[in-house]
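Look over the sequence and the model shown here.

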Amino acid sequence: MAKITPDDRVLKRGSLPFFWLGDTCWSAFTNMTDAEWQDYIIKRAAQGFNVVQVNALPQWDRCGSTLGLYPFPTQDGLHFTYDGTLNKAYFARAGRMAALAAHYGITLAVAVQWCNYVPGTWAAAKHPENILPAAMVEPVVKRSARPFLPMTRCF
């Protein structure tokens, strides 16, 4: 578990200082094949990265998924149906991707909801049809976090 020292000056993991050297790969779960993810993680680990920042859910400005991987039912890959159904295969795959990253010493910093899902934000204004209904927030957050719990390190 990583913690900030009492003087608010150092992030430590255990007794050692932890320097967050991160890269962003926001749309990894929707847009990368397993082989691409493995190549990416191996390369980032070799470069000394220890964190990769990803979105649990697609962000509004992502390019469309050629893999057809989405967390919710969709007809066109852009507009989701929020009927309480979550794509279990999508989240299971995200968990496998997180496990691979952890195997190579990389922690995923997962943004559970990008601002396009939150009403009143600049991104939600661009695609208001994808604002996550209030009744879906808790189940989506819980389901989004589940694949990562085995690899969780508190920052």
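The points below are grouped by topic.

This is a predicted model, in which local features need pLDDT of at least 70, side-chain atom pairs count only at pLDDT 80 or more, and totals for chains, interfaces and linings use all residues. Residues are numbered from 1 along each chain as its sequence is written, and side-chain values use heavy atoms, with hydrogens and water left out.

**Helices α2 and α3**

- Helix α2 spans residues 34-46 and helix α3 spans residues 88-103; their axes come within 10 Å and cross at roughly 25°.
- α2 and α3 are therefore roughly parallel to each other (angles under 35 degrees count as such).
- On the α2 side the contact (heavy atoms within 4.5 Å) is made by D34, W37, Q38 and I41, and on the α3 side by R93, M97, L100 and A101.
- Five of the residues in this contact of α2 with α3 are nonpolar, one is polar and two are charged.

**Residue Q59**

- Q59 sits in the loop between β5 (51-55) and α3.
- Q59 counts as buried, at 8% relative accessibility (buried means under 20% relative accessible area, exposed over 50%, partly exposed in between, with a 1.4 Å probe and protein chains only).
- Not counting residues up to four places away in sequence, Q59 touches W26, S27, W114 and N116.

**Residue W60**

- W60 also lies in the loop between β5 and α3.
- W60 is partly exposed, with a relative accessible area of 24%.
- Leaving aside neighbours within four places in sequence, W60 is in contact with W114, N116, W122, A123, K126 and H127.
- W60 and I131 are 71 residues apart in sequence, and 10 Å apart in space from C-alpha to C-alpha.

Note on methods:
Axes fitted to C-alpha atoms, helices over the stretch in contact; angles between N-to-C directions. Helix = DSSP H or I, 4+ residues; strand = E, 2+ residues; numbered from the N terminus. Parallel < 35°, antiparallel > 145°, perpendicular 65-115°, else oblique. Nonpolar A, V, L, I, M, F, W, Y, C, P; charged D, E, K, R; others polar.
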